[in-house]
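Walk me through this structure in plain paragraphs. I would like to see how selected residues and elements sit among their neighbours.

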Amino acid sequence: MRVAHSVAKVREAEEALMARLPEGALMQRAAAGLAAVCARLLRESGRVRGRVVVVLAGSGGNGGDALYAGARLAGRGAEVHAVLTAPKRAHPGGLAALRAAGGRVAELGDVDGAAAAALLGRAELVLDGIVGIGGRGGLRDEVMPLVRVLRGVRRPLVVAVDVPSGVDADTGAVVPETAAAGPDGEPAGLGARAVRADVTVTFGTGKPGLFVDPGAQHAGAVELVDIGLEPWLGAADLLIPQHADVARRLRGIAPRPESDKYRRGVVGIAAGSARYPGAALLSVAGAARGGAGAVRYAGAAAREVVRAHPETLVSDGLPGGAGRVQAWVVGPGLSRDEHAARIVDDVLALEAVLPKLFDADALALVAERGPQVLRGRHPNALLTPHAGEAARLLGEGWSAARVEAERIAAVRELAGRYGVAVLLKGSTTLLAAPGDGPVHVNPTGTGWLATAGSGDVLAGLAGAQLAAGGSALGAGATAAYLHGLAGRRAAFGDGAVGAPITAGDVAAALPEVWRQVVSSGASDGV
Ligand SMILES: NC(=O)C1=CN([C@@H]2O[C@H](COP(=O)(O)OP(=O)(O)OC[C@H]3O[C@@H](n4cnc5c(N)ncnc54)[C@H](O)[C@@H]3O)[C@@H](O)[C@H]2O)[C@@H](O)CC1
Ligand SMILES: Nc1ncnc2c1ncn2[C@@H]1O[C@H](COP(=O)(O)OP(=O)(O)O)[C@@H](O)[C@H]1O
Ligand SMILES: [K+]
């Protein structure tokens, strides 16, 4: 499991630790770890000696880390150039160390566009130490020309110090650039007022913004440097499961000699309608490969379901009359008519502790009825909204755009208000349970999953995980993880280039990624 802590907790822990260490010791630990990662990255394509490293150093501790790391690389023979983005306030110790090690220093005001392009064009590695956890808002105007040049040059390896500058460390938010051209005839800005890194070397613990889009896209691969903060950190705010965590759960629900299909769990699917039979098929496809022993289907697409999935137990009545199940999935393709409302109400009338997953059209009905239909009544329920559905569930003051921009806050608010676990879909899928516990971030997935029906597959898969047992949060997190991997597998195969996929391809890839996770579960990493 990877973890992340809020900036406030990091600051508190840093203070507690710093009070016990000699002045500057913590920064030396950070700089040593940072330099070691940079040296390792440089060695992947040769030696450190003679390589051109450019350090972009701001006014705070982040710039200090970068300058000290630059000094260490210069000490190992690298040709290090620093550009001070706030020269009057550059970290004095870091600056002195870099100069003493033979590094060259320029001030932002002396580096015009051509000089910046020449310097960054020669760089093999760029250290982004403009701002770290002290950054507020998008990068300021004065540093943007340099950031734009960096974006345009033949890619050197960009290593962000602690956090890519301009990314909100707590939320992953970035400030988009305006379309207008910058001063001095700079090209119109594309993207965000933030640095895009290949690698982020973060200190002490992960920062939430490194794992949630758009911050995650800017962070690249995240490497953690231990600076001894752990004993002072307290509970994590974010958990990011890895293969090993998911493998543990999958091993736990693998069939045993004494297993039968009922003991493994039966998942019920109440999805699809005469208008949308496909959603029923896709939910059943996800459920059938999702780890339960059997799938029951109740609804208008019974005939289509049994034709496509002959192993399904089907009926065309209401879920309550379909026979015993360990978890119900209700909503995909149900449509919004009176009959759909009757189906959702029927599920809401089932035994309170029975796990129930509400997706798509069922969420619209839950939003209409209000949180009290779930709160305090269905402790094992799971909601799986995308941003639009989440905004509707949250009501006044929320829009899909706001949910996208404040994903962590939105998922917490939903879980708190409805009193149930919530899986918020999108470019970074997040999960939260009611209370102050950590938010789970799904690290797998790909934009290729943004294809019609892939959410139906996820709903079925998550329902099967609920039927197999464990908490709604654990079941949802496992489903999101496998679904993301299956999407990647289907889109990329063994290669690096993606291609369009269908929701059915995602379901078909599930057994393969399940095997992959369980067999590589001893190691960490996605
Ligand atoms: N204090 C310490 O001993 C340690 C500090 N650490 C480093 O210190 C960092 C935090 O240092 P600070 O608290 O000094 O803060 P930062 O260095 O992150 O940033 C603060 C400075 O950036 C400027 N700034 C803020 N927002 C900006 C924006 N949008 N555009 C341009 N400039 C902006 C501010 O004016 C301020 O001078 C961490 O991220 C980490 O890299 C680590 O070395 C661990 C130990
Ligand atoms: N940009 C994206 N990057 C990664 N995954 C995405 C992206 N957009 C959507 N997804 C994933 O694709 C699935 C789409 O589900 P959903 O929105 O319910 O679509 P549908 O209703 O068509 O099935 C979800 O698992 C979601 O997390
Ligand atoms: K930085």
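Asp128 is buried, because 30 other C-beta atoms lie within 10 Å of its own. Buried here means 20 or more other C-beta atoms within 10 Å, exposed means 12 or fewer, and partly exposed lies in between, with C-beta atoms placed from the backbone. The model is predicted: local features need pLDDT of at least 70, side-chain atom pairs count only at pLDDT 80 or more, and totals for chains, interfaces and linings use all residues. Residues are numbered from 1 along each chain as its sequence is written, while chains are lettered from A and ligands numbered from 1 in the order in which they are written.

Asp128 belongs to strand 5 (residues 125-129). Helices (H or I, at least four residues) and strands (E, at least two) are DSSP runs, numbered from the N terminus. Not counting residues up to four places away in sequence, Asp128 touches Leu56, Val158, Val159, Ala160, Val161, Pro164, Ser165, Val195 and Ala197. A contact means that two C-beta atoms, placed from the backbone, lie within 7 Å.

Under "binding site", an unreviewed UniProt entry lists Asn62, Asp128 and Ser165. They span 104 residues in sequence, yet no two of their C-alpha atoms are more than 9.4 Å apart, so they gather at one spot. UniProt positions are given in the numbering used here, feature names are shortened, and annotations may be inferred rather than shown by experiment.

Asn62 lies in helix 3 (residues 61-75). With 27 other C-beta atoms within 10 Å, Asn62 is buried. Its contacts, leaving aside neighbours within four places in sequence, are Gly129, Val131, Gly132, Gly134, Val161 and Asp162.

Next comes Leu42, in helix 2 (residues 25-43). Leu42 counts as buried because it has 20 C-beta neighbours inside 10 Å. Beyond four places in sequence, Leu42 touches Val48, Arg51, Glu124 and Leu125. Leu42 and Leu125 are 83 residues apart in sequence, and their C-alpha atoms are 7.7 Å apart in space.

Just after helix 17, Gly419 takes a positive phi of about 65°.
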